[in-house]
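The text goes from the arrangement of the chains to single side chains.

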Number of protein chains: 6
Amino acid sequence: MDMGSDTQSVRATVVQASTVFYDTPATLDKAERLIADAATYGAQLVVFPEAFIGGYPRGSNFGGAIACRTAKGNEEFRKYHASAVGVPGPEVERLAGMAGKYKIYLVMGVIEREGYTLYCTVLFFDSQGQYMGKHRKLMPTALERVIWGFGDGSTIPVFETPIGKLGSLICWENRMPLLRTAMYGKGVEIYCAPTADARETWQSSMTHIALEGGCFVLSANQFCRRNDYPPPPDYVYGNMEEELSPDSVVCSGGSVIISPSGAVLAGPNYESEALISADLDFGEIVRAKFYFDVVGHFARPDVMSLTVMDHPLVPVSFASNTNAEGPKKLL
Amino acid sequence: MDMGSDTQSVRATVVQASTVFYDTPATLDKAERLIADAATYGAQLVVFPEAFIGGYPRGSNFGGAIACRTAKGNEEFRKYHASAVGVPGPEVERLAGMAGKYKIYLVMGVIEREGYTLYCTVLFFDSQGQYMGKHRKLMPTALERVIWGFGDGSTIPVFETPIGKLGSLICWENRMPLLRTAMYGKGVEIYCAPTADARETWQSSMTHIALEGGCFVLSANQFCRRNDYPPPPDYVYGNMEEELSPDSVVCSGGSVIISPSGAVLAGPNYESEALISADLDFGEIVRAKFYFDVVGHFARPDVMSLTVMDHPLVPVSFASNTNAEGPKKLL
Amino acid sequence: MDMGSDTQSVRATVVQASTVFYDTPATLDKAERLIADAATYGAQLVVFPEAFIGGYPRGSNFGGAIACRTAKGNEEFRKYHASAVGVPGPEVERLAGMAGKYKIYLVMGVIEREGYTLYCTVLFFDSQGQYMGKHRKLMPTALERVIWGFGDGSTIPVFETPIGKLGSLICWENRMPLLRTAMYGKGVEIYCAPTADARETWQSSMTHIALEGGCFVLSANQFCRRNDYPPPPDYVYGNMEEELSPDSVVCSGGSVIISPSGAVLAGPNYESEALISADLDFGEIVRAKFYFDVVGHFARPDVMSLTVMDHPLVPVSFASNTNAEGPKKLL
Amino acid sequence: MDMGSDTQSVRATVVQASTVFYDTPATLDKAERLIADAATYGAQLVVFPEAFIGGYPRGSNFGGAIACRTAKGNEEFRKYHASAVGVPGPEVERLAGMAGKYKIYLVMGVIEREGYTLYCTVLFFDSQGQYMGKHRKLMPTALERVIWGFGDGSTIPVFETPIGKLGSLICWENRMPLLRTAMYGKGVEIYCAPTADARETWQSSMTHIALEGGCFVLSANQFCRRNDYPPPPDYVYGNMEEELSPDSVVCSGGSVIISPSGAVLAGPNYESEALISADLDFGEIVRAKFYFDVVGHFARPDVMSLTVMDHPLVPVSFASNTNAEGPKKLL
Amino acid sequence: MDMGSDTQSVRATVVQASTVFYDTPATLDKAERLIADAATYGAQLVVFPEAFIGGYPRGSNFGGAIACRTAKGNEEFRKYHASAVGVPGPEVERLAGMAGKYKIYLVMGVIEREGYTLYCTVLFFDSQGQYMGKHRKLMPTALERVIWGFGDGSTIPVFETPIGKLGSLICWENRMPLLRTAMYGKGVEIYCAPTADARETWQSSMTHIALEGGCFVLSANQFCRRNDYPPPPDYVYGNMEEELSPDSVVCSGGSVIISPSGAVLAGPNYESEALISADLDFGEIVRAKFYFDVVGHFARPDVMSLTVMDHPLVPVSFASNTNAEGPKKLL
Amino acid sequence: MDMGSDTQSVRATVVQASTVFYDTPATLDKAERLIADAATYGAQLVVFPEAFIGGYPRGSNFGGAIACRTAKGNEEFRKYHASAVGVPGPEVERLAGMAGKYKIYLVMGVIEREGYTLYCTVLFFDSQGQYMGKHRKLMPTALERVIWGFGDGSTIPVFETPIGKLGSLICWENRMPLLRTAMYGKGVEIYCAPTADARETWQSSMTHIALEGGCFVLSANQFCRRNDYPPPPDYVYGNMEEELSPDSVVCSGGSVIISPSGAVLAGPNYESEALISADLDFGEIVRAKFYFDVVGHFARPDVMSLTVMDHPLVPVSFASNTNAEGPKKLL
């Protein structure tokens, strides 16, 4: 890792906006408008919230209670599954095209569909319009475990790019100290944290991670009102529906950009959909790591060592090395 | 792998009928009549029972007892061998032609002849009239081991087709949990189970597999009376011959179609030769896998991993990559 | 491994009864009464349902919807956590005492508390009053994932006992083909399936497993009415509360005992709390495995091999081999 | 391999005698009487026929025809299973004791029971009374596949002993050229061929193998009359029963000892139960291999190479290296 | 490990006060006064800042610059060394006495002297007046590395006590994610964070740790003015001396108590020396871990595993099994 | 590969006759007379002995002893070299003409000359008069290694012909189990074994191979008297010359035809030059392979796999993709 580029500055934009729920084509259109705006402003990197494509089904419990299911919940899942994107697939191609057209690095939260299991995933695209790879959420939170599968160690990438080392953890994954350490071990400089957590304590975690990792932290959350979701009875906001009007804010955002020294560079915004932008001065990383380098001079590998199993975890593997992932290789 | 086609519906027909024993041309004629009927009804997929072409030699023990052979048993095997089909070969071409003529996907149980070893095999054809490939039974049951060879991991195909992912296991192979898991790992959606087991417990297994695999299960069995086989002394029904009249039902069928949620869509029929048909609603797969995705969110690959050796097992291989299978390559 | 004891017969009782919810001492008292009844009848083995101690929180969603929590749900979890049992601990000692007093092998579904994570666990006790070990559910289903942790490969025991090889999987774990195969690989003969699934399709799975594994299957489910749970507002039955009267059956049982040939020996009972008993004739295992021995003559290890990682999965391990589990070893 | 001992001579006895069917203790008593006789004669090595302990169920088809089973056949298998021996187990200890008491190397055909699968196995004991290991038949013949499992490459031993390199293949395994070559590759000098084949052509194979392998071949077969098996209806001789009187010879033996040059040293005996003995002059091996050394100067490894996969084939393996074989390791 | 005591409440006091620099007896007197005050208030646990006994030599560089030493700096270190405490030793006894007298659990920051090396250490005492053990800072920050040694994995204790599981990390150790995870792995409930960092960002880290660990966080810092240190020239405040008046605040405290849900229970105080107290409701831990249990249901040990080498690191060890910990134990 | 022609019958003749030594034109004339006779009898296939054209130099040692040569021996080799045939060449054309004229398949043992190396070769011709290919002996026996080169894996052909699959191994090559298995792997049905071994044990090997390979075995040997070779001193019968009269039989033949079940169909003849003929009933192959199919159902490719390197072995090869087989093909 060459650390000489400590004088570069990168203009980054965090998008705080809502999915067009159950309408993936319209969501992609909206993404393109937002990217275009950011690019006009000069952004080199655009980071979207968790599950922006596919949607974060806030307030729903998919008709479920322990050992109880409803046909309505099943159908709700079918629609949610249909809104998700295959990787690769036409939506991924469209996103790649946007990155190339606007010449930005793009970090996009999606709901990924593989077979019949969904994953909460972040996709990475470079400014040439190439899909670079993905991160799948390792550990969904609470009821998310009912609708999303679990990622594994093979999709915790950090990409070395001309704008710095780029990676992402999603929402409460950011609370997992061993997982963050895996990111630090890969040298992350621009740490993206798409999230669905709009509480104030989230800001503390973002600041802490910037300090702990000596990196820039870019957290993107959706800003949603009740009417960004379909109205009841198509979509019911669980035990809260009665308290909500169409204009009620159900997710207040709080997107933010923080420097390696813990300084807030932009945001948090709790008011509206917005683009939050800042210039990232890479000299800040050097200055911060002089005092605290979490996987460098401040580690104690003689006392504590972390092992990351980063091979894919698959239930069935085929010795001839044709795997079951791709549809053309089934025979 | 994109699984978004959750709204499609496929009309499938399971054939419950008997081989014309020791008469392969007549059996092919009968197959064509049955396919034509199914096509008239609108079937897009037609599934035949185990060993429909070549015959399932129920009740015979080929003159055998441990370490005892009879000339009559030897001759019986010679005739059985002569009724089998080579792959490729003229019978395969005729079957391909039927699939193309009636524009159906065809899953056909045959006795395959390779050299002097027979295999219990299922052949797959597409609606364009192309032979797609085959599955050979991995593990024959009980006395079947005396007349049939053992398949290997190279012929456990799942075909991606416009009507869904199509595969097949034969009879008690369906009881092998690791083999079923290999099928699940390949993403089977239409799981065909040609069989010779007409007992009631078979229904439990079919229902269980539909639930376990989150797939449609189509089980096809023959419906046979004693007089569907040659009369004695040409064909003797082992230790049961005396109890049988020409009309005695010796295999009562039980063909059935089951949905991914375990619901019986058609059958089981224990009464007669018949076509059993149902429309397969692929949305059912999504709804079922929401709760249980055996190789997705409900797997634990960190704890249990299955390896499938899917290369051909051959006793002799030739370094120059000409294999011993085809007659033109012997030199 | 000598399996010659094919003439033994074991009297087994499956308990179909409800937890006294949120009252673990009273549930233990009830367990003892049921065990005493079974012992009077001559039972050598008594199997209780999933989560009998600690309770199965049917109908609850712990106040949760995606990304929404309520203080009431939090408090509900605190009470549920308090009803669980530590292993070892006083409740485990009491259960061991019951097994010894009534000279029965005891298979008991409990909610296990380790630190602040709960597990759905089955405990095993021998007829000498010794605790033998435990199985933790590997993979909770749907909303269970919000309240229970995930087991690992170190607690999938099969115990060799004078009454046969004894093991257990819980509820939909029984749908996991690789996990069942791990049990078969350990030679399970008495396969206990505590469950919370009272649907008819469950019977198909139980029959299939008996055939597949060549083992006796004993499935125990609770029989519960609405008033076996606290009344609202202390306990709210999710989106079903309004449809329920105090006498409404919310879990109809279906406990059953099935032989290795797929014959139903006792049950299923969908009517009431009950003891379901049968004599298990071990000669049946030999007769069944003659035709199908899933990890013996009917396996194809040359084609498919399963690896089970059966070491404990711990996030932090200490090189000096003092683990973090027990409170006395913390320093 | 030290070939200097070409002057040694070993006295070997092949036992031609019948199992006491369904009576393993009596068969062991008979084995001891035969060993004692051979030892009196000076034998250093005693070789018994295939399945001597446990019995070769000649003429039975276990009630089976294709897809037809009878309760009687099932019960027959249960009794056969009960007559088999576990390895290790008390019968193995008793055999080891005989070898030690009479100071002979013992090669004993048994039916081995592992779980619910039976194997046709040969056990080896040294003259110190130690069990050395076993060979399991790789490939049963015809109806044997219905009652016996298949061995693997991990039990094809050749033991280096003071009386020479000792190994065994069973019955028609001796027809498998690659398997014999595996034995030659391990340097077998005393090649034991327990069998159930009493036809004349068997003698040709024995002579050929002696020439091909440059080794002594010792073939042991049972000599049985109809009344060495239980009378009908307990045991029915398939389709031959009517032709048989109690004194009818149903297996006429043909046990033989052949030198590396193809010379018949003793036997074949087709008359009666007998001990067939010869002195094996190891100089003969050297003389024979001067002209033809099948894995030495007469091989063409540049053109043909055989790979033997000699690891155990198990359907389930446990990462912690406790395997599922032994009953004490189940937890 | 039984965690059922979720209803207990513990009153805890964090001390924000300054060392009497270079005067250890006076510092001990001051400690006793503060403890007495806290006890009067009802405190069961009292936590002091980093280096309270022995002092935190803020502003000094011990006369050092890279490769330059001064006699004055040397003398300064001699005095600092003299102010430190041996463990065990009379100061430790006195502190133990205070804990017993006031019946409080005591967590005390000290400078520990072992031979000629100093360590930044935290000592633990129970309310019976027993010394329980110590934690040595693993990794000093910046110039601290010039005056303090490095701890190892053998002194990262978590003590199980009647008031909960008690442990401590010091200052920027709290930024080390693997070290915190070691604490979580030991089950820490009352996480003490003595520090010398008074910046605002410290609050973010404290909040984050409470959320991450699901534990109470108690951070204690000194509140110091310039005149809490000796005046120049005895003690020179480096390159800041000129900007300081005697009343200048040189460390503004910021001591704080935070709940497992991230709520601030008391503090932060940036105004003065003070006792900061709060009642810790252990039900909060259960409620927090329901959503996030860092080493329980929210870990992914299959993907990331941390190993802690928790044996003492000694430069010289003796094979005769005497350990090298204390100078008295060598023979 | 379709094997359905199990009802065909092929009339085959094995020629037992002597070379006209050192006179190749006369030997060709003799060959034609023998072929004509066989054709009259109805033969479709005629098999000649090893080295019929060129001669088998029985009794000669070419003047050699270890490290000793003689001019006489050198001259002897020159004459032997001159009697050999080039492939292609005029003798080959003549042989092809005979096959076409008499409409027989011809298998002819020759001494082949390539440059200055001789090979012991078998040539194959079809009944249309086409040369099909050749087999070169892989491994000469004993002193043969002094006069003949070694073949390689590129000339082990099996030809698919209207009269069946035809191949040949020469003399003690037939003792090589891996080489035979290569032939079986190619599906040989008519296995020709030209030889020079007239001992009785040869019959055992022929019978064994028929059983092992499930094929017809046709072994052709010369019948020679002393006066079939030139008289001394032109040709000296080594150290046996004195014991021989002109009429002494020096090779007694033993040509034989054996069926796949091990039945001797014709021969062995040890009396005179002769034509040995039999009708080969291909149904016998099916009946035999029902019980034993060496590369089909009776193989264990999971345990033993043979690799045949079937490319030409050449000392010099040229990267420009011209092969080195013939001197004319270099460019």
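Predicted model: local features only at pLDDT ≥ 70, side-chain atom pairs only at ≥ 80, totals over all residues.

**Chains, a listed site and aromatic rings**

Two copies of a chain are related by a rotation about an axis and a shift along it.

Next comes a position taken from a record. In an unreviewed entry, UniProt lists Glu50(A) under "active site". Such annotations may be inferred rather than shown by experiment. Glu50(A) is found in chain A, in the loop between strand S2 (45-47) and helix H2 (71-83). Its relative accessibility is 1%, so Glu50(A) counts as buried, the limit for buried being under 20%. With which side chain does the side chain of Glu50(A) make a polar contact? The partner is the side chain of Lys137(A), at 2.9 Å.

The aromatic rings come next. A pair of aromatic rings is described by the distance of the centres and the angle of the planes. Over all chains, the structure holds 101 aromatic pairs. In one of them, the ring centres of Phe292(A) and Trp172(E) are 6.0 Å apart and the planes stand at 90°, so this pair is edge-to-face. The pair crosses between chains: Phe292(A) is in the loop between helix H7 (283-291) and strand S15 (304-308) of chain A, and Trp172(E) is in the loop between strand S7 (164-168) and helix H5 (177-185) of chain E. Phe292(A) is buried, at a relative accessible area of 1%, and Trp172(E) is buried at 8%.

Another edge-to-face pair is that of Tyr22(F) and Tyr235(F), with 6.5 Å from centre to centre and 65° between the planes. This pair links distant parts of chain F, its members being 213 residues apart. Tyr22(F) lies in the loop between strand S1 (9-16) and helix H1 (24-41), and Tyr235(F) in the loop between strand S10 (223-225) and strand S11 (249-252). Tyr235(F) has a relative accessible area of 1% and is therefore buried. In chain A, ring pairs join Phe21(A), Tyr22(A), Tyr80(A), Tyr229(A), Tyr235(A) and Tyr237(A) into a cluster.

Rings also meet charged side chains. Arg136(B) lies over the face of Tyr119(B), 3.8 Å from the ring centre. The charged end of Arg175(D) sits over the ring of Phe292(F), at 5.3 Å from its centre.

Methods. Residues numbered from 1 in each chain as written. Chains lettered and ligands numbered in written order. Heavy atoms only, no water. Helix = DSSP H or I, 4+ residues; strand = E, 2+ residues; numbered from the N terminus. Buried < 20%, exposed > 50% of the residue type's maximum accessible area, 1.4 Å probe, protein only. Polar contact = N/O pair within 3.5 Å; in protein donor to acceptor, adjacent residues only side chain to side chain. Phe/Tyr/Trp six-rings, centres within 6.5 Å; stacked < 30°, edge-to-face > 60°. Lys NZ or Arg CZ within 6 Å of the ring centre and 35° of its normal.
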